[in-house]
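Biologist: I would like to learn how to read this structure. Please take me through it feature by feature.

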Amino acid sequence: MRTGVWLVGARGSVATTSIVGALALRAGLTDPTGCVTELPELRGPALPTFADLVLGGHDVVACPLSKRAEALAAAGVLPGRLLDALSAELAGVEAALRPAPTEGTQAERAAAVARDLTDFRSRHALDRVVVVNVSTTEPAATAHPAHHDLAALRDTLAGPAEVLPASSLYAYAAFTAGCPYVDFTPSTGARLPALAALAEERGLPYAGNDGKTGETLVKAVLAPMFAMRNLAVRSWSGLNLLGGGDGAALAEPAANAAKVSSKQRVLGETLGYVPQGDTRIDYVEDLGDFKTAWDLITFAGFLGTRMRMEFTWHGCDSALAAPLVLDLARLTAAAHAAGRRGPLAELAFFFKDGIDAPAHSLAEQWTVLCDFVAGLHAGAGR
């Protein structure tokens, strides 16, 4: 199943790590550590192989992919040995990248993106293309009446108004081109009624939002523990320190607020109440592509005895995110091949704020995911 993976933000850290990782896996130069779809519970005939993946994408910047990869190698994110071994393959992906359209109305820009997607699909004889947004986090979208009606949205996009944020315009273009869409960011993406209607009209699946890679991953494991032991969480506060492009973007207050909202939601949904405390995100340029999170939890047990727990998470965001990007592309492609349309709620395992998430603890989400993928494999075997 030849599958295109079209990355929005293709020259960023997460996309570059995903591209190098996919090429290394295809060449047998690394093992699939971190790729959930390579676990025995999920591996099977419904998923495209790494050799089936063809990579392309859009970006607003023009820095060569090889230079971006060299910078990540110098920062300790990518193994330097891979860059020489994969230089020809990286050049091939570079040739498939396109500048993000910036001129004209939003309708004209969406049409240009859709043309790039259909050209990519036909040029490489692909069965399908999955569009994955790994671009910079946006502020929450400003409400607009056209967000609720597909016909009104089409009319409005043809005018001068900027009615859709970039993530949603890419979702619109992807659906127009017949491509499934995945949002790995907390941006609005496909989470608008008009875009849901377009996905339904075109018979396309979509998934999101905001990849669960660090502190929130730990929250999704620990919060159910407190709930199942009937311990009262009185406060839960977190401090996140990160550098890199994502950290710089999150220094902007509106984007920061969108990210914090996504990170905090898991507690209220899992515990059934919202404890005191908040999550804070600070930009520390010197950390580069690495991040540190420190959380303090206070809780009460039997007879009201006060206790506390704290944890520290040190991680490389790109190395944590990249294998999940490949997982989501493979799973969404398999869902599309199986005829699924609409939100893929079963993929909530991968997200902080999964669309229509059927469960909120990581263990419950894992069970849902395994059942979903087993069904895909069973259908592929018939």
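This is a predicted model: local features need pLDDT of at least 70, side-chain atom pairs count only at pLDDT 80 or more; totals for chains, interfaces and linings use all residues.

Biologist: How many bridges pair S1 with S2, and in which sense?

Modeller: Strands of a sheet pair through backbone hydrogen bonds, either parallel or antiparallel. S1 and S2 take the parallel sense, over 6 bridges. Within this pair, Trp-6 stands opposite Gly-56 of S2.

Biologist: What is the strand order of the open sheet of 7 strands?

Modeller: The order is S3-S2-S1-S4-S5-S6-S11, and the pairing is parallel. Strand S3 (97–99) and strand S11 (342–343) stand at the edges; each has a single partner strand, so one side of each is left without a neighbour in the sheet. Another pair is strand S4 (residues 128–133) with strand S5 (residues 181–183), parallel over 3 bridges. There, Val-132 has Val-182 in S5 as its bridge partner. Helix H1 (residues 13–27) packs on this sheet, where it touches strand S1 (3–8) and strand S2 (53–59). The direction of H1 makes about 165° with that of S2.

Biologist: What is the order of the open sheet of 4 strands, and what is its pairing?

Modeller: Its order is S8-S7-S9-S10, and the pairing is mixed. The edge strands are strand S8 (279–283) and strand S10 (306–316), each pairing on one side only. On average, neighbouring strands of this sheet are turned by 10° against each other, with direction ignored. Strand S7 (residues 232–242) and strand S9 (residues 290–300) run antiparallel and are joined by 10 bridges. In that pairing, Leu-241 has Thr-292 of S9 as its bridge partner.

Biologist: How should I read H1 against H12, and at what angle do they cross?

Modeller: Two packed helices are described by the angle between their axes and the distance between the axes. The axes of H1 and H12 come within 8 Å and cross at roughly 60°. That angle makes H1 oblique to H12. The crossing is right-handed. On the H1 side the contact is made by Ser-13, Val-14, Thr-17, Ser-18, Ala-22 and Leu-25. On the H12 side it is made by Ser-318, Ala-319, Ala-321, Ala-322, Val-325 and Leu-326. By class, the residues of this contact are 8 nonpolar, 4 polar and no charged.

Biologist: What is the angle between helix H6 and helix H8?

Modeller: Helix H6 (residues 150–157) and helix H8 (residues 193–202) pack at about 105°, with their axes 8 Å apart. They are therefore roughly perpendicular to each other. H6 contributes Leu-150, Leu-153 and Arg-154, and H8 contributes Ala-194, Leu-195, Ala-197, Leu-198, Glu-201 and Arg-202. This contact has 6 nonpolar, no polar and 3 charged residues.

Biologist: Now single residues. Where is Asp-282 placed?

Modeller: Asp-282 is in strand S8. Its relative accessible area is 22%, so Asp-282 is partly exposed. Asp-282 and Leu-242 are 40 residues apart in sequence, yet 6.5 Å apart in space, C-alpha to C-alpha. Not counting residues up to four places away in sequence, Asp-282 touches Leu-239, Asn-240, Leu-241 and Leu-242.

Biologist: Is Glu-162 buried or exposed?

Modeller: Glu-162 counts as exposed, because its relative accessibility is 53%. Glu-162 is found in the loop between H6 and helix H7 (166–176). Leaving aside neighbours within four places in sequence, Glu-162 is in contact with Gln-106 and Arg-109.

Notes: Residues are numbered from 1 along each chain as its sequence is written. Side-chain values use heavy atoms; hydrogens and water are left out. Two strands pair if DSSP finds at least two bridges between them. Helices (H or I, at least four residues) and strands (E, at least two) are DSSP runs, numbered from the N terminus. Axes are lines fitted to C-alpha atoms, for helices over the stretch in contact, and angles run from 0 to 180 degrees between N-to-C directions. Contact means heavy atoms within 4.5 Å. Angles under 35 degrees count as roughly parallel, over 145 as roughly antiparallel, 65 to 115 as roughly perpendicular and the rest as oblique. A crossing is left-handed if the near helix is turned anticlockwise from the far one by less than a right angle, and right-handed if clockwise. Ala, Val, Leu, Ile, Met, Phe, Trp, Tyr, Cys and Pro count as nonpolar, Asp, Glu, Lys and Arg as charged, and the others, Gly among them, as polar. Buried means under 20% relative accessible area, exposed over 50%, partly exposed in between (1.4 Å probe, protein chains only).
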